[in-house]
Amino acid sequence: MAIAGFGEVAEKLRRSTVLVHAGGNGSGSGVIWSTDGTIVTNAHVTRGSQVRVQLWDGRELKARIMSRNHRRDMDLLCVEANNLAAAIAADSSQVRPGDVAIAIGNPLGFIGALTTGTVHAIGARRGLGPHPWIQANLRLAPGNSGGPLADARGRIIGINTMMAGRLALAIPSNAVRDFVASDPSAWLGVSVHPVEIPQVAARTRVFGLVVLEVEAASPAANASLLPGDILLGTEGKPFSSIDDLSHILSGRSPRVELLEFLRGDYLRVRRVSVQLGGEIVSGSGIAA
C-alpha cells in the first residue's frame, strides 16, 4: 500500500504512542493526547494498581489514572511531563469504508510495531452494545490495545481496542474526545439502542434512543426513566445519532439537562430534568 510521505507519518505516530505497564497484568499501548502529559488508553490495559508508561525516547514515567469509563473501555492517564509529542485527532464522523487505516502499538513486546489496512465499516457490532466502532481489516495482537488507529495523514481516527473475527475494532476519536472533556461524575446510567420512530401524520421518521436498561441509583433512575422509554434529545436539540447522548455528558461542572422522551404514546412528548455530575438530588420529576 503506497502512501505519500508514509515514513514521516509513521515516525510521528510512533512518537505519539506510549507503552503502558500495569504491574503483572502485561502491557499495552496508549496515545499522547496533549503535550502536558494527558494519555488515553483502554481501561482493560490498566487493571494493575501501579501504572507506568514508557515514551518513545525511552523515558519511563509513573502515571495516574484521572478518569475511567468501563462501559466504553477507556482510561485517561496523566504523567508529569511537558512538551510531549501529542497526536492530532481527526473527525471520526468523516471516516468512510475504504479509507486507509494505520495502527501503531506494542504487540507481543515489539515496540512501535506498525500495520496497515483499510476501514471496513463504522457502526455497532452485534453482542458489543450500541456503541459505534471503527472496524478495519488489519491485525491486532495483545499489546496493541489502547494504541492509535490513524488515517493516511497520521491523524487519530480511533483507539484500538480488540479483534472481532478478522476485524480490528477501535473506539472512534470523537467518542474519545468527548471522554477526555467529560466530567467523570456526569453519567446517566442507561444502556440504549438507536431506533426510528414513524410519524404517520408527517410521513417521516424521527431518530430516537430506546432505553434498554436503567442502572439502580443512577441519575436516570432518580429521574424515573424506565426501560422502553425513547430518548429524543434535549429541549430544542433532537438527537441525530447515538454520539449525541455522549455530547450532553461532556462538560466540567454539575448541571441539569432537560431530556425529551416518549413513553408508550408516540404523539405525546414528555420531559424530565436529569442532574449530571455532582451529588444527585432526589425527585427530579417528569412533566408532560
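How many residues of strand S6 (residues 74-79) are buried? Select S6: 6 of its 6 residues are buried, so the strand is largely enclosed by the rest of the structure. Here buried means under 20% relative accessible area, with a 1.4 Å probe and protein chains only; strands (E, at least two residues) and helices (H or I, at least four) are DSSP runs numbered from the N terminus.

The model is predicted: local features need pLDDT of at least 70 and side-chain atom pairs count only at pLDDT 80 or more, while totals for chains, interfaces and linings use all residues. Residues are numbered from 1 along each chain as its sequence is written, and side-chain values use heavy atoms, with hydrogens and water left out.

**Around S6**

Show the side chains of S6. Met-74, Leu-76 and Cys-78 lie on one side and Asp-75, Leu-77 and Val-79 on the other, and all are buried. Leu-77 is the bridge partner of Ile-39.

Arg-68 stands opposite Asp-75. S5 and S6 form a hairpin with 4 residues between them, and Asp-73 in the turn has a positive phi of about 60 degrees.

**The largest pocket**

Select Asn-69, Arg-71, Arg-72, His-131 and Leu-249, which are the closest to the centre of the largest pocket among its 37 lining residues. A pocket is an open set of points on a 1 Å grid over the protein atoms alone, where a 1.4 Å probe fits, with protein on both sides within 12 Å along at least five of seven lines; lining residues have an atom within 4 Å of a point. The volume of this pocket is about 870 Å³, taken as the space filled by probe spheres set on the points, which are joined across faces, edges and corners. Colour helix H4 (243-249), which gives the most to the lining, with 4 residues.

**Gln-135**

Finally, centre on Gln-135 in strand S9 (residues 133-136). Gln-135 counts as buried because its relative accessibility is 5%. Its side chain makes a polar contact with the side chain of Arg-125 (3.5 Å); such a contact is a pair of N or O atoms within 3.5 Å, where within protein one must be able to donate a hydrogen and the other to accept it, and residues adjacent in sequence count only if both atoms are side-chain atoms.

Definitions and conventions: Buried < 20%, exposed > 50% of the residue type's maximum accessible area, 1.4 Å probe, protein only. Pairing = 2+ DSSP bridges.
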